[in-house]
Amino acid sequence: METYDAVIVGSGAGGGMAAYVLTKAGAKVLMLEAGRDYSPDEAPMLSFARDAPLRGVGTPDKNFGYYDATVDGGWQVPGEPYTVSEGSEFIWWRSRMLGGRTNHWARNSFRMGPYDFKPYSRDGLGVDWPISYDDIAPWYDRTEKLVGVYGANLGMENHPDSGPGALQPAPKMRVWELFMKAGGEEIGIPVVPARRAILTKKIDERDPCYWASPCGRGCGIGAAFQTTTSLIPWARATGKLSVETGAMVYEVMLDASGKASGVRYIDKASGAHREAKGRVVILAASTGETARILLNSQPNGRSEGLANSSGQVGRNLMDTVGSNVSAYVPALEGRPIYNESGAHGLHAYIPFWLYQEQAAGKLNFPRGYHVEIGGGFREPGMGGYDGLDGYGGDLRKQVKQRYGASLGFTQRGEMIPNDKSYCEIDGDAKDKYGIPVLKFSFGWSDHELNQVTQFQSAMRELIDQLGGEVTSSEKPASELISTGGEIIHEVGTARMGTAASNSVTDKFNRTWDVDNLYLVDGSVFCSKAHKNPTLTILALSMRASEHIADRMRMGEL
Amino acid sequence: MKHTLINTLPLSPSVSRRTTLKWFAAVMAAAPLAACGESETGLSWATPRPLEGPGYGTDPDMLDPSYPWPLTLSPEELATTAALVDLILPADGDASAASAVGVPDFINEWVSAPYPGQQADRGLILPGLAWLDSECLARGGQRFAHAAPEAKAAILEDIAWRDRVKPGLEKPAEFFRKVRSLTLGAYFTSAEGWDYLGYLGNTPSTGDYAGPTPEALAHLKGVLDTMGLKMPEGPL
């Protein structure tokens with residue numbers, strides 16, 4: 001059997017970056033992906049919703065709509081169940097395709113800041129990371145330059161500027177964003193250029209955004225970052241990368257000395273159990289799947305699983321806090337039409353602006369949130385007609401009058417780890433391959449609920465400032481907050497730390513218990529800052545992979 | 001070319017009311033009934049059992065979309081649907097009636113899809129269509145599709161307005177809201193609907209994003225002026 005320098009499990013952000021860095025460093029790499037091969041050439045970028053079944057709306061087969069890039073995935077994967085403990089709610093988004101969830105993400109790419117890496121030091125909750133912002137800043141710069149991120153340096157508290165030349169220019173704000181900015185400025189709510197992993201200038205073979213096609217469909221021109229148009233093809237071009245798809249990894253193998261020797265997986269096409277061997281094993285299977293593989297790996301019958309002497313594998317599960325407010329704004333009625341698609345997502349957003357108030361004890365929740373804003377002359381869809389009444393010719397005119405006059409405010413907030421929220425192996429249930437499945441437990445605390453309440457009230461103040469009417473309902477925070485897992489930012493199930501007693505990996509993503517086993521996905525997060533996790537996963541994976549390459553050069557691995 | 005689907009359907013307007021009532025009774029007897037409710041209001045409202053069958057799956061061909069489920073509305077139901085959606089969105093100047101842009105066929109696709117959401121809508125729409133006919137006949141007219149415009153309007157006046165639903169007709173009003181929403185969605189996702197709204201998106205262009213036109217910015221400035229707000233400056 002061929003032995004690789006590195007076996008990487010997963011082809012999303014963490015796995016794609018590891019494959020790129022290691023093959024560039026000359027290592028021979030095998031990447032295993034549980035789903036099928038995929039190329040964004042399949043992306044229906046300019047297809048019309050009217051040509052899709054049911055006008056493209058989400059269904060149990062394609063939860064985010066017919067044209068969403070996700071293949072063989074969603075909240076449920078056929079034949080691959082998960083369970084949820086009684087009294088908990090949690091949903092788990094998976095995709096089974098090369099590139100994983102990078103094929104359809106929103107590309108929002110906000111850096112974590114100095115407070116975000118040392119949250120315990122700031123408020124006594126959760127834990128600090130074993131690294132500081134200054135440790136990671138150069139890796140953010142390199143990641144942004146490599147993947148291509150648009151944005152602006154604004155010098156805002158805990159929202160770090162990028163290094164020189166790291167960012168591409170952000171696209172112009174649209175009328176509804178300028179309108180929101182004008183209103184926000186009156187009451188101290190900032191509306192500023194957003195940061196997204198989308199090219200506005202050509203680099204290498206990737207074209208800049210052509211201001212069409214929802215990014216979630218996948219981006220065949222390479223403008224919106226996904227590993228299938230960048231890191232994976234670049235790694236393949238070195239001649240050093242082998243990719244095996246349809247490979248469902250379930251176990252890490254150890255040799256007699258206790259080092260990882262490779263992984264066992266099921267070849268989905270044949271059902272055969274196979275092994276892949278490598279000098280280093282890198283798990284990037286996603287926060288849930290990485291924990292599952294570790295917990296299902298039970299060398300010498302150790303029921304606690306692998307790399308789990310701390311007992312932290314599966315613990316500290318976090319997701320982003322989400323809630324929404326929507327509004328109808330008569331002042332935006334009947335405005336001149338132009339093409340407002342732009343980059344199809346955020347050009348502008350509201351960063352957390354209340355750190356000083358928080359430090360002064362004026363808020364009843366720790367940490368922060370940002371607001372992803374929506375509006376504009378969007379592609380007409382199957383929803384959004386509930387505000388209308390009656391029937392007849394006037395109805396058509398009303399839709400036109402209201403077109404482009406709705407605004408949406410989406411909270412993306414930080415969750416503090418708590419002991420209600422974790423995953424473990426279900427003692428009974430197995431998937432169709434016979435692999436024991438994950439069982440999730442999840443609960444919010446008052447920290448998150450108070451944050452939702454404050455967000456709702458702040459947005460209502462902004463809407464009032466804009467002369468709008470709130471169209472979402474006013475309910476208790478417990479009914480407005482997202483379901484655990486719903487924001488698809490789950491992290492934390494194998495966190496890094498300062499010692500083997502309190503964490504699963506060291507600050508280079510290396511498991512304390514197994515010297516040549518690395519975790520490079522969201523599982524290593526110590527906290528779930530309100531910033532979307534993918535950029536940080538990429539930067540940490542780049543840093544960890546260079547660390548691996550250095551150790552290989554030095555003969556340590 | 002503008003035509004309504006109803007003209008192509010076989011059901012003749014000259015069919016007698018008695019014949020229609022007999023046909024109607026036969027259909028109702030044959031329909032698989034999961035529940036019969038609202039009897040206290042005298043409303044006949046039979047919810048069909050949800051359809052089952054394969055959807056398009058988790059990995060459909062996105063570049064050549066198709067769906068596998070058979071269409072299930074009868075010609076009579078399609079005729080009733082066409083008449084209803086054309087009251088919701090009638091032809092108006094250059095704008096086509098809803099049936100002329102395929103809305104009844106879309107509603108057929110929708111209620112025939114074997115997914116829970118669509119089947120919940122089927123459970124509202126099928127009895128709703130039947131109710132329109134029975135109500136129209138009970139008021140001394142034709143089946144809904146062939147009724148006089150005033151007769152159809154009289155029924156809609158009882159169910160179409162949020163704050164004016166005739167007591168006892170809450171269920172038909174819910175049915176109407178659902179069909180209205182589907183009709184608007186189907187119309188405004190059509191090519192004509194895009195044109196009507198002026199939607200310009202999903203059209204690639206090269207170079208930097210053009211952003212708002214001078215006209216759009218001038219309009220915004222005017223709006224902000226009247227609200228006493230300042231036009232933003234700085235990095236935009």
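Me: Why is A:Asn316 called buried?

Reply: In this predicted model, A:Asn316 has 26 other C-beta atoms within 10 Å, and since a residue counts as buried if 20 or more other C-beta atoms lie within 10 Å of its own, A:Asn316 is buried. The residue belongs to the loop between helix H7 (287-296) and strand E9 (321-328) of chain A.

Me: What makes the phi of A:Asn316 worth a remark?

Reply: Most residues other than glycine have a negative phi. The phi of A:Asn316, however, is near 60 degrees, a positive value in a residue other than glycine.

Me: How do you know that A:Asn509 counts as buried?

Reply: The cut-off for a buried residue is 20 or more other C-beta atoms within 10 Å, and A:Asn509, with 28 C-beta neighbours inside 10 Å, therefore counts as buried. A:Asn509 sits in the loop between helix H11 (477-480) and strand E16 (517-519) of chain A, and its phi is positive, about 70 degrees, although the residue is not a glycine.

Me: What makes strands E6 and E7 of chain A a pair?

Reply: Two strands pair if at least two bridges are found between them, and seven bridges join strand E6 (residues 247-254) to strand E7 (residues 260-267) of chain A, which run antiparallel. Within this pairing A:Met253 stands opposite A:Gly262 in E7(A), while in the hairpin, which has five residues between the strands, A:Gly258 takes a positive phi near 90 degrees.

Me: Why are strands E3 and E13 of chain A said to stand at the edges?

Reply: The sheet in question is open, has three strands in the order E3-E14-E13 (chain A), and shows mixed pairing. Strand E3 (83-84) and strand E13 (422-430) each have a single partner strand, so one side of each is left without a neighbour in the sheet.

Me: How do you know that E13(A) and E14(A) pair?

Reply: The requirement is at least two bridges, and E13(A) and strand E14 (residues 436-441) of chain A have five, in the antiparallel sense. In this pair A:Tyr422 stands opposite A:Ser441 in E14(A). H7(A) packs on the sheet, touching E13 and E14 of chain A, and its direction makes about 60 degrees with that of E13(A).

Me: What makes up the contact between chain A and chain B?

Reply: The contact takes 68 residues from chain A and 65 residues from chain B. On the side of chain A that touches chain B, helix H5 (175-186) and helix H9 (393-402) each supply at least two residues, and the largest share, eight residues, comes from H5(A). The residues of that side divide into 35 nonpolar, 14 polar and 19 charged.

Note on methods:
Residues are numbered from 1 along each chain as its sequence is written. Chains are lettered from A and ligands numbered from 1 in the order in which they are written. This is a predicted model: local features need pLDDT of at least 70, side-chain atom pairs count only at pLDDT 80 or more; totals for chains, interfaces and linings use all residues. Helices (H or I, at least four residues) and strands (E, at least two) are DSSP runs, numbered from the N terminus. A residue is buried if 20 or more other C-beta atoms lie within 10 Å of its own, exposed if 12 or fewer, and partly exposed in between; C-beta atoms are placed from the backbone. Two residues are in contact if their C-beta atoms, placed from the backbone, lie within 7 Å. Ala, Val, Leu, Ile, Met, Phe, Trp, Tyr, Cys and Pro count as nonpolar, Asp, Glu, Lys and Arg as charged, and the others, Gly among them, as polar. Axes are lines fitted to C-alpha atoms, for helices over the stretch in contact, and angles run from 0 to 180 degrees between N-to-C directions.
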